[in-house]
Amino acid sequence: MKTFLILGAGTGGTMVANKMAEILDTQEWRIVIVDRDETHYYQPGFLFIPFGTYSPSDVVKPKRNFLPPQVDVIFSDIELIEPDKNRVKLGRAKKTINYDYLVISTGSHIHPEETPGLDDEAAWMKNVFPFYTLEGATKLGNFLKFWKGGRMVLNISEMPIKCPVAPLEFLFLADWFFHERGIRDKVEIVFATPLPGAFTKPRASAVLGGMLDDKGINLQPEFTIMEVDHAKQVIRSYDETEIGYDLLVTIPTNMGAEVIGHSGMGDELNFVPANKHTLQSDKWENVWIIGDAGNVPASKAGSVAHFMLDVLIENIHRHMEGLEPLPDFDGHANCYIESGFEKGVLIDFNYDVEPLPGKYPLPGFGPFSLLKESYANHWGKMMFRWMYWNILLKGGEMPFESQMSMAGKWE
Amino acid sequence: MTALNTITLNEEGFMTNPAEWTEDIATVLAEKEGITLTDAHWAIINFSREKAADSGAAPTLRQITQGIGITTKELFALYPKGPAKKVAKISGLGKPEGCV
């Protein structure tokens, strides 16, 4: 009996488990998935919790519900991965699993302790909140409900981060939320980012930067945070620039799982080096990555994990048959950006083509406007939660192509 | 500025062909960023070019600080504002891949 082992049962790992369960012969293969947490989080939903649009119960379901019965599910932390010996030691489950194939889908997580002063007890979750965790998003929601206004600073510690458009969406939704609460004139919104503009890609950055301007949101580019001085309520950059805050919303440093680091499999941020087109580990040919656990320079987002899926499954299958993997993953990302007031912007891009304006043809639903605000884009985003729980996680057919297409885009 | 006539820059100001890079070009590109290159600057440029030749990508801020053994603060003193991006530009490399 051979073992196909998946580490991490988030978006990527769950999809892989479902696909492999369809493909592999259960007489020959045992599929095992390991995760430390029994709860599946719909992470794109965290964004809506601070503003009361979603409640915590809207974004959690048991992981077991999304995994097929023939997959062996183990809830345990992972103590050590030994890729030279093809085995993984589990902590809580006190087991060692020998594998033939390993898929790493352990994701990325926030690390506020990387920035001095950021998680200081006196301020953390009091007037300094992350929204990339359910706890942070929920506590920020409680804070915002009763906030009378002041200066709200949103800061990105360093790149790369999971879902690089989420900070912008947070700003747009906050602007809308404060309007609705009738306190927009009492809130100053500042966006302090290490990037040179609103976003990573120049044309989208210009459009999104213009939207920040229109909404009266103050952009502070090239601000790389050195420390938080919570006594003075300022964040300070390496260039000694200070920005004062009453409320600090932070996107701390994102890193891969710690077990990747202490197993000697990661880069400086514990992301697993892998081929950006085949998704195979650079070092071990039976080790593969999906989603944000790898170091491939694509957006760390669920849509990207979904676009990786077909290429990954095909390549693993080819490898099992003794064939070379195909360089078919093009870095495709597709992001609905909430822009407030029931509107949204859609961007679609890959490694080589930055987000362009035009129309995104989506059979049965679209077309959706690209790089331009529309009501349909907002409803596309809200509809996506249903698709995520009911189709995407189970590896079902989605109306999106894995590779980016130029159809409908204007150059 | 004649050195710049021999190279192609993309719309973000990064050289499109690292093979066109010379030390003179680095000096001119640095001046454009308001930086006069010292030995400390060169150590970082040389490290970045070696790293890129090896991995195919310009190093990130963390790769530079950990690779050379300097603090982020020291790196910012040498290359103010976005150091990873400035180092990549002056070293004739593409945009660092952390920016996705």
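Reader: Leaving aside its neighbours within four places in sequence, which residues is Met308(A) in contact with?

Author: The model is a predicted one. In it, once neighbours within four places in sequence are set aside, Met308(A) is in contact with Leu279(A), Ile290(A), Gly291(A) and Phe329(A). Met308(A) belongs to the largest nonpolar core, a set of 116 residues, and together with Leu312(A) it has the most contacts inside that core. The element that gives the most to this core is helix α6 of chain A, residues 302–320, with 9 residues. In soluble globular proteins, nonpolar side chains tend to be buried together.

Elsewhere in chain A, three strands form an open sheet in the order β6-β7-β8, with antiparallel pairing. Strands β6 (78–82) and β8 (96–98) of chain A are at the edges, and each pairs on one side only. From one strand to the next, the twist averages 15°. Strand β7 of chain A, residues 87–90, is joined to β8(A) by 3 bridges, and the two run antiparallel. Within that pairing, Val88(A) has Ile97(A) in β8(A) as its bridge partner.

The two chains also meet: the contact takes 17 residues from chain A and 15 residues from chain B. On the side of chain B that touches chain A, α3 (61–68) and α4 (72–78) of chain B each supply at least two residues. The residues of that side comprise 6 charged, 5 polar and 4 nonpolar.

Technical notes:
Residues numbered from 1 in each chain as written. Chains lettered and ligands numbered in written order. Predicted model: local features only at pLDDT ≥ 70, side-chain atom pairs only at ≥ 80, totals over all residues. Core = buried A, V, L, I, M, F, W, Y, C linked by C-beta atoms within 7 Å. Buried ≥ 20, exposed ≤ 12 C-beta atoms within 10 Å, placed from the backbone. Helix = DSSP H or I, 4+ residues; strand = E, 2+ residues; numbered from the N terminus. Contact = placed C-beta atoms within 7 Å. Pairing = 2+ DSSP bridges. Axes fitted to C-alpha atoms, helices over the stretch in contact; angles between N-to-C directions. Nonpolar A, V, L, I, M, F, W, Y, C, P; charged D, E, K, R; others polar.
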